[in-house]
Amino acid sequence: MQSEDGALPVRSFIGLGSNLDRPAHQVRTALTALEGLPGCRLLRQSRLYRTPPLGPPGQSDYVNAVALLETWLAPLELLDRLQEIEWRQGRIRNGGHWGPRTLDLDLLLYGEQRLADPRLCLPHPQLRYRAFVLVPLADIAEGDLPIPGAGRLDELLRGCDPAGIEAL
Ligand code: ADP
Ligand code: MG
């Protein structure tokens, strides 16, 4: 499929996470929202995983998943749409990264593009280190998926610790 101006779509992987207010329900609701995004098609979605929290102690477990979109939106437009979905689902921002949240949507990859914009780094800078992203990503991507600047998905998976991550 092509857009009206003939531009080809880009494949973009989105990371979803929640650890508040019925996390699995939050992730499923967000997947439905991604399915309805104008200028995008949801091609694949991973299983949902229960994952142990990183960051501040005392948080409850997360539910994480990864989705593959085909998109005609530019990277910053796509980020705007993702942030709208986060706000609609009542994300609580308490000033810190890695705090509890009803919904976190990360733009993990946008084709093979690299970007260092103040609002958007591509690939997502933490992607290579996070088993809770790499494990669901491996559900829906080939092992040779290039992660620009970091190698291939299968290499990164071998270097991460999947302890405590379970499919729901
Ligand atoms: P984290 O996802 O690391 O827990 P946040 O979601 O709170 O942290 O960080 C949000 C900020 O990160 C946003 O304001 C956004 O502009 C910025 N950001 C930079 N790169 C990305 C990316 N690839 N995907 C999502 N947000 C990004
Ligand atoms: Mg985020």
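The report below covers a metal site, a loop residue, the cysteines and a pocket in this predicted model.

## Metal site

The magnesium ion (ligand 2) has Asp104 and Asp106 as its protein donors, each through an OD atom, and these donors lie 2.1 to 2.2 Å from the ion. Both residues are buried, Asp104 as well as Asp106.

Gln59 is placed in the loop that runs between strand E3 (49-51) and strand E4 (62-71). Because its relative accessibility is 13%, and the limit for a buried residue is under 20%, Gln59 counts as buried.

The side chain of Gln59 takes part in a polar contact with the side chain of Asn19, at 3.0 Å, while a polar atom of that Gln59 side chain also lies 3.3 Å from the backbone oxygen of Leu54.

## Cysteines

The structure holds 0 disulfides.

## Second largest pocket

The volume of the second largest pocket is about 190 Å³. It is lined by 13 residues, of which Arg11, Phe13, Ala141, Leu145 and Pro146 are the closest to the centre of the pocket.

Sorted by class, the lining of this second largest pocket consists of 7 nonpolar residues, 5 charged residues and 1 polar residue.

Notes: Residues numbered from 1 in each chain as written. Chains lettered and ligands numbered in written order. Predicted model: local features only at pLDDT ≥ 70, side-chain atom pairs only at ≥ 80, totals over all residues. Heavy atoms only, no water. 1 Å grid on protein atoms, 1.4 Å probe; cavity = no way out; pocket = protein on both sides within 12 Å on 5 of 7 lines; lining within 4 Å. Points joined across faces, edges and corners; volume = space filled by probe spheres on them. Nonpolar A, V, L, I, M, F, W, Y, C, P; charged D, E, K, R; others polar. Donors = N, O, S within 2.8 Å, 3.2 Å for Na, K, Ca; no water. Buried < 20%, exposed > 50% of the residue type's maximum accessible area, 1.4 Å probe, protein only. Helix = DSSP H or I, 4+ residues; strand = E, 2+ residues; numbered from the N terminus. Polar contact = N/O pair within 3.5 Å; in protein donor to acceptor, adjacent residues only side chain to side chain. Disulfide = S-S within 2.5 Å.
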